[in-house]
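Reader: I am new to this structure and would like to learn how to read it. Could we go through it feature by feature?

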Amino acid sequence: MAINVNTVYRTVLSILNKEQRGHLTPDQFNRVGRLAQLDLFEKAFHDYNRYMTRKDNNTINDEYADLAKNTKEKIDVFATSSTLSFTAGVAALPSNFYRCTMISTSTRGIEVQEIQKSDLPQINSSKLTAPSTSYPVYYKQGSNIYILPTSISSATLDYIFTPSDPVWGSTTGGTYGDLQYSSSSSVNFGLHNAEEVQLVLKILAYSGITIKDPNVIQIAKQEEIQ
């Protein structure tokens with residue numbers, strides 16, 4: 001599930017040309033497209049938290065009107081899993097890691113509990129709470145995961161990954177050497193399909209800054225509010 005980068009670029013150009021606001025080069029589009037995607041990606045987490053609060057207060061309906069569920073589906077597009085290989089209790093996180101969903105061992109039979117590193121002295125001070133293969137713990141520090149006990153050699157990491165930067169790739173062709181879209185060198189937006197309208201509006205808003213036209217920003221913001 002992805003949003004076609006060429007469709008979005010052509011739509012943005014069409015709107016800018018219609019309003020006679022200037023032209024957005026592929027390089028400019030790639031840059032503002034990256035910002036717009038990250039903006040909507042992060043916004044989904046805030047929306048999910050807000051809708052879950054409303055759901056707890058019984059102000060959200062079920063089925064298709066379940067906003068919390070619909071927003072979770074937008075986040076789940078970026079859900080994946082990876083095997084962590086530990087050496088002396090340390091494993092490197094995937095390069096595209098964003099947020100951890102769960103870490104488990106024994107073919108997902110045992111969930112590894114997250115702790116703060118500062119809690120280790122208290123946890124290790126009692127035999128009842130000391131980490132074991134049946135009650136493993138982990139903490140994250142920098143780009144590494146630390147697991148206890150250190151005898152554990154592997155675990156399954158379920159996590160949310162950061163979307164890849166969108167790229168409108170092109171080749172030079174035609175009589176006048178115009179740039180032509182190349183699907184082989186392009187990278188589509190990773191967002192849920194339902195985000196396409198908001199994505200176009202976000203890109204238009206950022207484009208207004210790029211081409212130094214505040215009217216484009218204002219138009220995009222008004223459409224987003226509506």
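Reader: How many helices and strands does the protein have?

Author: This is a predicted model, and in it the protein has six helices and 10 strands. Of its 226 residues, 35% are buried. Among contacts with a separation of 6 or more, 67% are between residues 24 or more positions apart.

Reader: How far apart are the end C-alpha atoms of helix 2, and what span should its 31 residues have?

Author: Helix 2 covers residues 26-56, and at 1.5 Å a residue it should span 45 Å. The end C-alpha atoms are 44 Å apart, which agrees with that figure. Just after helix 2 comes Asn58, whose phi is positive at about 60°.

Reader: Which residues have the most contacts inside the largest nonpolar core?

Author: The general idea is that nonpolar side chains tend to be buried together in soluble globular proteins. Here the largest nonpolar core has 25 residues, and those with the most contacts inside it are Val8, Val12, Leu24, Phe29, Phe189, Leu199 and Ile203. Helix 1 (5-18), helix 2 and helix 5 (196-210) are the elements that give two or more residues to this core. The most comes from helix 2, with seven residues.

Reader: Which residues does Phe29 touch, not counting residues up to four places away in sequence?

Author: Phe29 touches Val5, Val8, Tyr9, Leu24, Trp168, Phe189 and Ile203 on that count. There is also a second, separate core of 14 residues, which includes Phe86, Phe97, Ile103 and Tyr159.

Reader: Several of those names are aromatic. How many aromatic pairs are there?

Author: A pair of aromatic rings is described by the distance of the centres and the angle of the planes. The count here comes to 11 aromatic pairs. One of them is Tyr9 with Phe29: the centres are 4.6 Å apart and the planes are at 40°, so the pair is tilted. This pair links distant parts of the chain, with Tyr9 in helix 1 and Phe29 in helix 2, 20 residues apart. Both Tyr9 and Phe29 are buried.

Reader: What are the distance and angle for Phe97 and Tyr159?

Author: The rings of Phe97 and Tyr159 are 5.7 Å apart centre to centre, with 35° between the planes, and this pair is tilted. Phe97 belongs to strand 3 (residues 97-105) and Tyr159 to strand 8, 62 residues apart, which again links distant parts of the chain. The relative accessibility of Phe97 is 15%, so Phe97 counts as buried. Tyr159 is buried too, with a relative accessible area of 5%.

Reader: Which residues do ring pairs link into a cluster?

Author: The cluster consists of Tyr9, Phe29, Trp168, Tyr181 and Phe189.

Reader: What is the order of the strands in the open sheet?

Author: The open sheet has four strands in the order 2-7-6-5, and the pairing is mixed. Strand 2 (90-92) and strand 5 (113-114) are the edge strands, each pairing on one side only. Strand 5 pairs with strand 6 (residues 137-141) in the parallel sense, over two bridges. Gln113 has Val137 in strand 6 as its bridge partner.

Reader: Is Asp158 buried or exposed?

Author: Asp158 counts as buried because its relative accessibility is 13%, under the 20% cut-off. Asp158 is in strand 8 (residues 154-161). Its side chain makes a polar contact of 2.5 Å with the side chain of Arg108. Leaving aside neighbours within four places in sequence, Asp158 contacts Thr80, Ser81, Cys100, Thr101, Met102 and Arg108.

Reader: Where is Arg108, and what is its phi?

Author: Most residues other than glycine have a negative phi, and most peptide bonds are trans. Arg108, however, has a positive phi near 65°. Arg108 is in the loop between strand 3 and strand 4 (110-111), and is partly exposed, with a relative accessible area of 43%.

Ala88 also has a positive phi, about 55°, and lies in the loop between strand 1 (79-85) and strand 2. Ala88 is exposed, at 65% relative accessible area.

Reader: Which residues does a cis peptide bond join?

Author: A cis peptide bond joins Leu148 and Pro149, with omega about 5°. Pro149 is in the loop between strand 7 (144-148) and strand 8.

Definitions and conventions: Residues numbered from 1 in each chain as written. Predicted model: local features only at pLDDT ≥ 70, side-chain atom pairs only at ≥ 80, totals over all residues. Heavy atoms only, no water. Expected span 1.5 Å × (residues − 1). Core = buried A, V, L, I, M, F, W, Y, C linked by side-chain atoms within 4.5 Å. Buried < 20%, exposed > 50% of the residue type's maximum accessible area, 1.4 Å probe, protein only. Contact = heavy atoms within 4.5 Å. Pairing = 2+ DSSP bridges. Polar contact = N/O pair within 3.5 Å; in protein donor to acceptor, adjacent residues only side chain to side chain. Phe/Tyr/Trp six-rings, centres within 6.5 Å; stacked < 30°, edge-to-face > 60°.
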